[in-house]
Amino acid sequence: MAHMDEVRARLQDHSKGLLGRANVVATGAGYKIKSGKRTKKLSMVCSVAQKVPLESLAVSDRIPPEIDGVPTDVVETGVIRALATRTERQRPAPGGVSIGHRDITAGTLGCLVKKNGQVMILSNNHVLANSNDAQEGDPILQPGPIDGGKLPTDLIAELHEFVPISFGDPPPPSDCKFANGMIALLNAGCRVIGSRTRYSIHRIQAADNRVDAAIARPLKAADVNQDILEVGRIAGLGRGELGTQLQKSGRTTGFTRGEITQVAVTVDVSYGAGRVARFTDQLMAGAMSQGGDSGSAVLDGDKRLVGLLFAGSDNSTIINRIEHVFSALGLAL
Amino acid sequence: MKYGVAALFLFLAAGGLSANEDRMPLTIEQVKATHERELLAQPGVVSVGIGRDDQGRPAIVVGMDKPRPQTQAALPRVLEGYTVRTEIVGTIRAR
């Protein structure tokens, strides 16, 4: 059997020649794999972009089973790329990388979804639609502007639709005199007959927010990727419950894990410049995000999509339920 | 008109009475929904949700922007039988 020193020496002699053959992307020394199992035989390992039938290769491109008495092995690794960072331009762009409307800093490309059969990029309103201050068709850049994204080179999509965020303080109690008089009368009546029920009246208000969500239409299908960085493919839709294990992939903190610590959360979220929006039926997790992670797809342990990350503090992360996101925008996977 | 108002009044008051008599135990979701507006109106309260207490039982969790002894002391410890606990979650910002 060949020793490591011998294999190394043979590699020095032959790696250039091997790398010149079709499909070979790397060479190295390693144990030969046979029927999926590691053997004790050291070999010269040729990594190939893809395995092809021997007959389809020119004789000069084939890897002989043995070179100068050292066995060879051929493994499929795919094309090897330098790992691009999340804040760089990526085509096709996967989930988990920097993206943003022309007028914002940057957020995260969540994942791909479908609207009426058309592929769309899903992220937050405040990432793709500048917190309501945007028009359908506005340019979306990957990476986002703060990461150097510029028009026209980094244009990846056009804003298609967003769910408006309603800002403002919760309304004060009604100041309608007639209504207040009626209520006083009813409550007096309740007291008289010994009932502990009391009526109260409120001005009708705009519904509380449930989602900070928007979709953008990629200009070219080839510019986007179904996968989410470091997570892979979404396995389906899930439902977040107390204790559900979470994973997300975001522009700033990359791949992180967490757990749902609260459900049915009503929360006041600051949007800067004194603007606050109240959200209901949210999920809360611990610290698993930072600024720039907004728009990240949140998946459970089985890679089912459960939410859309949009806010947080030093020790908490706030997530829209995916069922509300999908129903508000009419989406499917 | 007078009789109409009186009839409406009696109908609603009686409704209040009967709702009072056969009372189902309220779920934690109902209790939270009933009280959250009032809790969120307290100084420094930024969130109200359903989590767990130290023993792992469902509890109403009130999130504070920072430690606020006065507000925290004034909050109820129990609502309709459900534990209420506070947690410092900090100011929540869009990311």
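In this predicted model, the charged end of Arg275(A) sits over the ring of Phe167(A), at 4.4 Å from the ring centre.

**Aromatic residues**

Across all chains, a search of the whole structure finds three aromatic pairs. One of them joins Phe167(A) to Tyr271(A) in an edge-to-face arrangement. This pair links distant parts of the chain, since its members lie 104 residues apart. Phe167(A) belongs to the loop between β11 (155–162) and α3 (177–192) of chain A, whereas Tyr271(A) belongs to the loop between β16 (254–270) and β17 (276–285) of that chain. Tyr271(A) also forms a stacked pair with Phe279(A). The geometry of these two pairs is set out below.

| Pair | Arrangement | Centre to centre | Angle between planes |
|---|---|---|---|
| Phe167(A) and Tyr271(A) | edge-to-face | 5.2 Å | 80° |
| Tyr271(A) and Phe279(A) | stacked | 6.4 Å | 25° |

Through ring pairs, Phe167(A), Tyr271(A), Phe279(A) and Phe310(A) are linked into a cluster. Is Tyr271(A) buried or exposed? Tyr271(A) counts as buried because its relative accessibility is 11%, and the limit for a buried residue is under 20%. Phe279(A) is buried as well. Phe167(A), by contrast, has a relative accessible area of 26% and is therefore partly exposed.

**Nonpolar cores**

The largest nonpolar core has 24 residues. Which of its residues touch the most other members? They are Leu246(A), Ile60(B) and Val62(B). Several elements each supply at least two residues of this core: β16, β17 and β19 (304–313) in chain A, and α2 (28–40), β1 and β2 (58–64) in chain B. The largest share, four residues, comes from α2(B). Beyond its neighbours up to four places away in sequence, Leu246(A) touches residues including Ile260(A), Ala285(A), Met288(A), Val306(A) and Ile319(A). Apart from this core lies another, of 20 residues, with Met120(A), Ile228(A), Val231(A) and Leu331(A) among them.

Ser47(B) is located in strand β1 (residues 45–52) of chain B. Ser47(B) counts as buried because its relative accessibility is 0%. Setting aside neighbours within four places in sequence, the contacts of Ser47(B) include Val265(A), Thr266(A), Val267(A) and Met284(A) from chain A, as well as Leu40(B), Val61(B) and Val89(B) from chain B.

**A bent helix and its cover**

Helix α1 of chain A spans residues 4–19 and bends by about 50° at Asp13(A). Within α1(A), the residues Val7(A), Leu11(A), Ser15(A) and Leu18(A) are buried. The cover over the buried residues of this helix includes four strands of chain A, namely β1 (24–34), β2 (37–48), β3 (66–67) and β4 (70–76).

**Paired strands**

Strands β8 (residues 111–115) and β9 (residues 118–123) of chain A run antiparallel and are joined by five bridges. In this pairing, Cys111(A) stands opposite Leu122(A) of β9(A). The hairpin of β8(A) and β9(A) has two residues between the strands, and Asn116(A) takes a positive phi near 50° there. How many bridges pair β9(A) with strand β12 (residues 214–218) of chain A? Three bridges do so, in the antiparallel sense. Here Ser123(A) stands opposite Ala214(A) of β12(A).

Technical notes: Residues are numbered from 1 along each chain as its sequence is written. Chains are lettered from A and ligands numbered from 1 in the order in which they are written. This is a predicted model: local features need pLDDT of at least 70, side-chain atom pairs count only at pLDDT 80 or more; totals for chains, interfaces and linings use all residues. Side-chain values use heavy atoms; hydrogens and water are left out. The bend at a residue is the angle between axes fitted to the seven residues ending there and the seven starting there. Buried means under 20% relative accessible area, exposed over 50%, partly exposed in between (1.4 Å probe, protein chains only). Contact means heavy atoms within 4.5 Å. Rings of Phe, Tyr and Trp (its six-membered ring) pair if their centres lie within 6.5 Å; planes under 30 degrees apart count as stacked, over 60 as edge-to-face and the rest as tilted. A charge sits over a ring if NZ of Lys or CZ of Arg is within 6 Å of the ring centre and within 35 degrees of the ring normal. A nonpolar core is a set of buried Ala, Val, Leu, Ile, Met, Phe, Trp, Tyr and Cys residues joined through side-chain atoms within 4.5 Å. Two strands pair if DSSP finds at least two bridges between them.
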